[in-house]
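Open the model in your viewer and keep the selection panel at hand.

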There are 2 protein chains.
Amino acid sequence: MQDHDNLTENDCKMTVRIKDVALAAGVSVATVSRALGDGPVSDELRKKVEAAVAATGYLPNLSARRLRSQHSHTIGLIVSDIRNPFFTAVSRAVEDAAYAVGMRVILCNTDENPQKEAMYLRLMQEERVTGVIFAPTRATAQKLDPQQLGFPVVLIDRAAPPGHADAVVLDNAEAASLLVEHLLAQGYQRIGGLFGNTSTTGAERYAGVLAAMQRHGLQAEARFIAPTPEAAEQAMRAWLAEPAVPQALIASNGLVLLGMLRGARAAGIAIPQQLALAGFDNDNWTELAGPGLTVIEQPVYDIGRTAMKMLLERLEDPARSARKVVLSGRLVVRGSTSA
Amino acid sequence: MQDHDNLTENDCKMTVRIKDVALAAGVSVATVSRALGDGPVSDELRKKVEAAVAATGYLPNLSARRLRSQHSHTIGLIVSDIRNPFFTAVSRAVEDAAYAVGMRVILCNTDENPQKEAMYLRLMQEERVTGVIFAPTRATAQKLDPQQLGFPVVLIDRAAPPGHADAVVLDNAEAASLLVEHLLAQGYQRIGGLFGNTSTTGAERYAGVLAAMQRHGLQAEARFIAPTPEAAEQAMRAWLAEPAVPQALIASNGLVLLGMLRGARAAGIAIPQQLALAGFDNDNWTELAGPGLTVIEQPVYDIGRTAMKMLLERLEDPARSARKVVLSGRLVVRGSTSA
DNA sequence: GATGGCATTGAAATCGATTACACAACACCT
DNA sequence: AGGTGTTGTGTAATCGATTTCAATGCCATC
């Protein structure tokens with residue numbers, strides 16, 4: 001209840017409120033609010049307000065602004081693990097695009113854990129976020145209902161059942177086909193791979209491999225694992241210890257590829273002499289490891305930027321039907337697949 | 001939830017406010033608030049409130065909560081670029097620790113740009129964040145005054161003038177010394193390196209190299225560049241085209257090391273036969289590139305976790321004097337430095 | 001000179017929560 | 001029996017902004 005007449009110095013200790021700016025400028029709080037926003041204010045008063053803001057060192061309280069205006073100017077980015085270089089790159093693109101339109105980004109790591117996914121989705125609701133960009137596990141993608149959540153969702157990397165939500169994905173079948181055709185052209189016939197078992201992505205890439213092989217009357221041997229370097233390395237070691245190993249192996253993403261290469265090294269297998277190796281994600285290291293690894297390069301930055309663009313478009317027109325943007329991967333041929 | 005009647009009735013379109021919960025439970029809003037928090041509420045009413053929360057599908061509005069309680073439960077993490085694997089790993093640790101104590105993280109990329117740093121620091125003030133973990137450029141570290149900002153700051157990777165702010169850093173001189181001693185033990189005498197020119201880290205690592213060399217009566221040749229793979233590759237190519245190239249080169253961080261390796265490859269230089277190469281940051285790929293790269297491994301996850309811990313301690317005791325936690329790097333010897 | 005826009009402005013309501021304060025009910029002391 | 005806490009509860013104030021609504025002054029028009 002006590003008045004604070006100490007306008008002596010700027011930020012002694014009290015935080016400056018809009019009321020203080022109004023007092024200093026000799027106008028009403030409404031006018032200050034309008035001058036700071038885009039309301040109709042005369043040039044004269046606008047100048048006064050700007051001077052008062054500078055003099056008092058006023059910084060708006062975003063919580064108050066959000067509460068009253070009902071605009072959080074915040075989006076959520078929910079991925080499995082930011083340390084996956086794919087998501088790292090995507091996140092950078094999303095944040096660039098978000099900050100460019102005055103939005104903040106809340107980043108969440110789910111570790112492919114449906115419980116964490118549910119928890120973070122609820123958090124997003126409590127934050128009253130403007131929208132969410134989300135790479136869900138298969139389990140969550142299935143039961144996801146954007147209508148129920150209260151904010152638009154754009155899926156990345158992994159898609160939901162058609163028509164349910166906007167999505168930006170790679171043409172996984174096409175990309176897998178590119179890889180397989182390349183391997184076949186190099187003379188490899190017996191082809192297999194390790195695929196992630198938590199997302200739809202692993203399944204789609206396997207399906208692409210299978211389809212391409214079948215077009216040539218061949219079969220593919222696939223194994224499904226947790227999409228981590230550790231699981232991939234272990235599976236690779238086990239596989240390489242068996243009698244009949246394929247001539248060429250495919251990794252369903254960058255982390256799996258990393259683990260597979262480690263496993264091959266540990267087993268003393270020479271690449272490509274004893275085994276050809278290829279995979280997804282043109283991470284920095286794939287160019288430099290061994291003879292260079294043949295990979296499918298995803299337009300990572302583009303995926304993030306496009307996801308953000310779709311989110312903004314969805315906000316403009318909430319009613320339009322769900323869209324799926326399918327981007328193409330690029331085959332980068334390196335030494336790991338030269339017979 | 002198989003109760004269709006309730007579903008259609010309840011969360012049709014209106015957002016549920018605490019007032020609605022109070023109405024549904026037949027208690028006052030204060031009691032609802034206390035039941036959700038840790039206030040004194042009888043078991044009977046607490047049960048009623050919980051039932052009403054479940055029935056109405058109430059989700060608290062965090063903006064309102066933050067405004068009133070004056071606790072944002074949010075911390076800022078300001079780094080140069082999340083795509084730098086060092087910061088990626090740190091960010092994951094920070095977020096794990098933050099969410100574990102019920103705090104959210106706002107991530108900002110500054111691209112080593114002092115203007116962006118200033119902009120994001122102001123944003124943090126407007127968000128009324130609880131605290132900030134910050135990897136500043138040298139320019140900003142110099143003029144940083146945590147008192148003025150209004151929230152505690154913990155610096156990572158790079159330190160400010162002593163006593164100004166809490167910090168978690170690597171013992172750069174010790175680590176650089178480890179590298180140099182190792183190279184000398186391998187018989188290399190003419191040693192040089194590429195160091196980042198924006199942070200104090202590059203300078204400290206150079207100083208460490210210089211000091212170690214001087215202890216053996218030797219000199220070191222250093223060049224300072226923008227800490228990006230592109231700049232490093234270009235500088236490397238230029239250097240390798242000159243007549244007298246050192247026998248061993250050191251990179252001041254993982255990105256620079258990546259660029260240097262690319263430059264060496266482009267110039268057709270064999271490692272370690274024609275040139276030894278070593279650096280900082282035990283990124284995934286360093287183990288797999290060429291003969292394996294000798295590096296200083298930083299305790300990346302530990303750095304992030306410690307930074308968060310220091311921030312929480314500082315919040316408990318704002319008055320205590322600034323602390324600097326110095327962690328040690330570990331030398332990982334690989335093929336790139338075997339003479 | 002009265003009337004009707006139009007552009008500004010301020011007072012007050014409002015966003016949705018937490019919390020200070022008052023008060024009732026009840027056990028525990030002298 | 002009469003203070004004295006202690007607990008649990010409701011009412012109302014409050015956080016700091018935006019936004020509604022009414023009022024003002026000014027100018028052109030009739």
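Is B:F87 buried or exposed? Select B:F87 to start: the residue is buried, at a relative accessible area of 2%. Bear in mind throughout that this is a predicted model.

**Aromatic pairs**

The rings of B:F86 and B:F87 make an edge-to-face aromatic pair, with 5.2 Å from centre to centre and 70° between the planes. Over all chains, the structure holds ten aromatic pairs.

Next, select B:F195 and B:Y206. Their ring centres are 5.4 Å apart and their planes stand at 65°; planes over 60 degrees apart count as edge-to-face, so this pair is edge-to-face. B:F195 belongs to strand β6 (residues 191–196) of chain B, while B:Y206 belongs to helix α11 (residues 200–215) of chain B; the two residues are eleven apart, and the pair links distant parts of the chain. B:F195 is buried, and its relative accessible area is 2%.

Now move to chain A and select A:F195, A:Y206 and A:F224. These three residues form one aromatic cluster.

Go back to chain B and select B:N109, in strand β2 (residues 104–109) of that chain. The relative accessible area of B:N109 is 3%, under the 20% cut-off, so the residue is buried.

The side chain of A:E95 is joined to that of B:N109 by a polar contact of 2.9 Å. At B:I82, the backbone nitrogen lies 2.8 Å from a polar atom of the B:N109 side chain.

**Two helices in chain A**

For the last stop, display helix α2 (residues 29–36) and helix α3 (residues 43–56) of chain A. Their axes come within 10 Å and cross at roughly 90°. Angles of 65 to 115 degrees count as roughly perpendicular, and α2(A) and α3(A) therefore stand roughly perpendicular to each other.

Show the side chains where the helices meet: A:T31, A:V32, A:A35 and A:L36 from α2(A), against A:L45, A:R46, A:V49 and A:V53 from α3(A). By type, the residues of this contact between α2(A) and α3(A) are six nonpolar, one polar and one charged.

Methods: Residues numbered from 1 in each chain as written. Chains lettered and ligands numbered in written order. Predicted model: local features only at pLDDT ≥ 70, side-chain atom pairs only at ≥ 80, totals over all residues. Heavy atoms only, no water. Helix = DSSP H or I, 4+ residues; strand = E, 2+ residues; numbered from the N terminus. Buried < 20%, exposed > 50% of the residue type's maximum accessible area, 1.4 Å probe, protein only. Polar contact = N/O pair within 3.5 Å; in protein donor to acceptor, adjacent residues only side chain to side chain. Axes fitted to C-alpha atoms, helices over the stretch in contact; angles between N-to-C directions. Parallel < 35°, antiparallel > 145°, perpendicular 65-115°, else oblique. Contact = heavy atoms within 4.5 Å. Nonpolar A, V, L, I, M, F, W, Y, C, P; charged D, E, K, R; others polar. Phe/Tyr/Trp six-rings, centres within 6.5 Å; stacked < 30°, edge-to-face > 60°.
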